[in-house]
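Colleague: I would like to learn how to read a model of this kind feature by feature. Could you give me the general idea each time, and then the case at hand?

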Amino acid sequence: MSGGFRSRTKSAQKQPSKPARTSTREKAPQTASQVKAMGDKAREVVFDVLLRVAVEDAYGNLVLPQLLRERSITGRDAAFATELAYGAMRTQGVLDAVIRDCSSRPLADLDPAVLTALRIGVYQLLYTRVDAHAAVDTSVRLVEAAGHPKAKGFVNGILRTVTRTEPAQWIKKLSPADPLAAVAFHTAHPEWIARSFATALGVNPTGAGAEELEKALVADSERPVVHLVARPGELSAEELALTTGGEEGKYSPYAVYLESGDPGALQPVRDRMAAVQDEGSQLIARAVTEVPVESDAGRWLDLCAGPGGKAALMGAIAAIDGAHVDAVEVSSTRADLIRKTTQDLPVTVHVGDGRNPGLEPGYDRVLVDAPCSGLGALRRRPEARWRKAESDIAELNVLQEDLLASAIELTKPGGIVVYSTCSPDVRETRGIIDKALTAGAVEELNAHEFTCGMEGVGPHRSVQMWPHRHGTDAMFFAVLRKQ
């Protein structure tokens, strides 16, 4: 490589080299190196996080806190680094569109380190109040500290070009003509995800529903408030709120909202009397235990239990009701996490495939929290929207159908199955439920009765939650009774 660009000379092609990346989703066959110290700890850590996300497919929400701790970055520097890193990951599609418009070279030809420095610079120019000179200068210094001094002029030129147009004008200039594509671009989402949300909301993005679609997409980019769950039998939500200074949840009787702070440092969390869990997840786990079942023998099942949050809440309620939960997880590593999360609770963890777990049928209550696209939790993983592909959903549908069929087989006649996903995409929600209903082995109950008064959950008997309506992730669940 020369000057931060991928060489296309014949001599370079003869050397062992990394293949050019054809998309931002493709995993590059290399390891990100740490930028050299340049006297700006906040931007240095942001650069290292974004480069690891781009090159190693790392998870930004895991890497950033780790590096902040390792480098003892706190206070305003930590807050600035968090805003810059999460913002740049979340708006990557917009940033790349601006860079592409200003660059004389295709983005695929740029070294990942150079592209990373450009994304950091463009994000500051478009979305923050950082002085333009500071944004440009620090980005040029970053690319030099990353070992690409010959690319300094290239980076400087692109960022100077960006500064000559107002941020709003950039968005207007690059916005697609199609209304759906335009709202996707304005809210920094791939078009297919915006279409998926519009379908799930039942709105016309070119008509009266355009406003709600935009609200949903905007909320999907806002950092969520931390939700805590008070473990039943150990602590009430009121006690947890008083202990932590939080606010009792609006829907779940176990929920507490925490505006700021490190939940892991809270004494109730350290004492395993509380945990971090989205209020939507709490409602789903609670519904499994609340739906009336005739002659409940106390055999409950969580068929896809990792990482263990719902199994723990079900287990705490089972301890009160004299029931027992079997929790199935295909990954032995995640199974160990579930054991740790559910220790001292009446929960037995089994390592196995939920499609054929080898368990004796006859369960009273079964939860199928099916693996899904995760479109309902994009706000928690800012880079995820640019990694996912619509083509993945068809393969997930096969797995979801098989898991639900297995759950129905394991349920006793008259028992109930709760099917849930952290996705609003109708192919993963109503599509799966409607197919199961067609088979005739189950009937659908009204899940609205088990949301503790939550409104606006959709026109069907199932429940679809939304960040902009309920403050939860965009979770779905349906309740089925075996005939």
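Colleague: Is Asp57 buried, exposed or partly exposed, and what is its relative accessible area?

Modeller: A residue is called buried under 20% relative accessible area, exposed over 50%, and partly exposed in between, with a 1.4 Å probe and protein chains only. Asp57 has a relative accessible area of 24%, so it is partly exposed. Asp57 sits in the loop between H2 and H3, and its phi is positive, about 60 degrees, although the residue is not a glycine. Please keep in mind that this is a predicted model, in which local features need pLDDT of at least 70 and side-chain atom pairs count only at pLDDT 80 or more, whereas totals for chains, interfaces and linings use all residues. Residues are numbered from 1 along each chain as its sequence is written, and side-chain values use heavy atoms, with hydrogens and water left out.

Colleague: Which peptide bond is cis?

Modeller: The bond from Gly306 to Pro307 is cis, with omega near 0 degrees, and Pro307 belongs to the loop between strand S5 (299-302) and helix H16 (309-321).

Colleague: How should I read the two faces of a helix, and which residues of helix H11 are buried?

Modeller: An α-helix has 3.6 residues a turn, so residues three or four places apart point the same way. In helix H11 (residues 191-201) the buried residues are Trp192, Ile193, Ala194, Ser196, Phe197, Ala198 and Leu201. They pack against helix H10 (179-186), helix H12 (210-219), helix H18 (392-410) and helix H20 (467-470), where contact means heavy atoms within 4.5 Å. Thr199 is also found in H11, but with a relative accessible area of 45% Thr199 is partly exposed. After H11 comes Gly202, whose phi is positive, near 70 degrees.

Colleague: What is a nonpolar core, and how many residues has the largest one?

Modeller: A nonpolar core is a set of buried Ala, Val, Leu, Ile, Met, Phe, Trp, Tyr and Cys residues joined through side-chain atoms within 4.5 Å. The largest has 60 residues, and Phe47, Leu118 and Val162 are those with the most contacts inside it. At least two residues of this core come from each of the helices H2 (41-56), H3 (60-70), H4 (75-90), H5 (92-102), H6 (112-127), H7 (132-145), H8 (152-163) and H9 (167-174). H6 gives the most to this core, with ten residues. Val162, leaving aside its neighbours within four places in sequence, is in contact with Val98, Cys102, Val122, Leu125, Leu126 and Trp170. Another core, of 42 residues, lies apart from it, and among its members are Leu283, Val291, Ala377 and Val418.

Colleague: How many helices and strands has the protein chain, and why does it count as compact?

Modeller: The protein chain has 20 helices and twelve strands. The radius of gyration, taken over C-alpha atoms, is compared with a globule rule of 2.2 Å times the number of residues to the power 0.38. Here the radius of gyration is 24 Å, close to the 23 Å that the rule gives for 483 residues, so the protein chain is as compact as a globular protein of that length. Buried residues make up 54% of the 483 residues.

Technical notes. Helices (H or I, at least four residues) and strands (E, at least two) are DSSP runs, numbered from the N terminus.
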